[in-house]
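Hi,

Here is the structure I promised to pass on to you. Have a look at it first, and then read my notes below.

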Amino acid sequence: MQLVNILPVITAVCCFALIVVASIVFRPKQVVAHTYAKMSKQLKEKKGALFDYKRINGFLNANGAAYHYGKWIDPIKYIALSLIIGFVLFAFTIRYHLIVALISLVIGYQLPGRLLVHMNKKDNNRMLMQLQTIYNALSVQIKAGVHVSDAMAECYIRLPKGRLREALQEVSGDLFVRNHFETAINKFNNKFDNAFVDSLCIILLQAQESGQAVELLHDMSEQIKDMHSSMLLKKKMALERSVTFCLVGILGTFLVITVYAFIADVLAVAGSL
């Protein structure tokens, strides 16, 4: 009896010992890491219609994938994530119909990318005033005789925490360590899909060569100001439309209830005669 009672304990201890020995001998984490590194190296050199590492990596950088999803994201993990979401939706919807499941697979596969593009658009709207601050600050500092690389390196201090500040802080570190202005600016530009960031980088590269950038920076600042005013006006008009629709809906509901009550009373009177 005692042996029967002790047997499960002995079995559990033996299983645990086997797992420990296997983890020490085979080192699964190291094997997985080595395999992933080898596969990643092969895929980086691969370019085709179905998978282009550089193109996907450019898309992730430009839309702020590292900021929104985390620094763990790369093209391979991004594709894996998209496939996992797609197949999970496929598994949940296959019970209804194969066509529905296939559509769900496509939607799930595209979901991380669509969500990333949507978040990037929201970032661009939030960054408008921050970009105007950068344009104004650079214009003042360059006009005062500060070198463009030094002015660029200090811009992030004026900004609130966020994607733009992190990118500028990285530019500042690159300029301090490597002191290669063009490489740092191109790296910064690749982190955004934003026309005003593109213009800023072009102006800064021109300023580095010719020193003439104050007027261009001022003009771009005014353009951003006008665009921000236009965006606020659109938001105001959209809000007014929403309020109008709500009022019309409330009034329509009130009229329907009133007419219904009137007809009900008329029918009640007619029925009593």
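Ile94, Leu98, Ile99, Leu102, Ile103 and Ile107 make a nonpolar surface patch of about 540 Å². Patch members have over 30% relative accessible area and no salt bridge, and nonpolar side chains (Val, Leu, Ile, Met, Phe, Trp, Tyr) are joined within 5 Å, while like charges are joined within 9 Å. A salt bridge is a side-chain nitrogen of Lys or Arg within 4 Å of a carboxyl oxygen of Asp or Glu, and accessible areas come from the Shrake-Rupley method with a 1.4 Å probe, with only the protein chains shown counting as cover for residues.

This is a predicted model, where local features need pLDDT of at least 70, side-chain atom pairs count only at pLDDT 80 or more, and totals for chains, interfaces and linings use all residues. Residues are numbered from 1 along each chain as its sequence is written, and side-chain values use heavy atoms, leaving out hydrogens and water.

Leucine 98 belongs to helix 6 (residues 98-126); helices are DSSP runs of H or I with at least four residues, strands are runs of E with at least two, and both are numbered from the N terminus. Leucine 98 is partly exposed because its relative accessibility is 48% (buried is under 20%, exposed over 50%, partly exposed in between, with a 1.4 Å probe and protein chains only).

Serine 172, in helix 9 (residues 163-177), is buried at 15% relative accessibility. Beyond its neighbours within four places in sequence, serine 172 touches Ala153 and Tyr156 (contact means heavy atoms within 4.5 Å).

Happy exploring!
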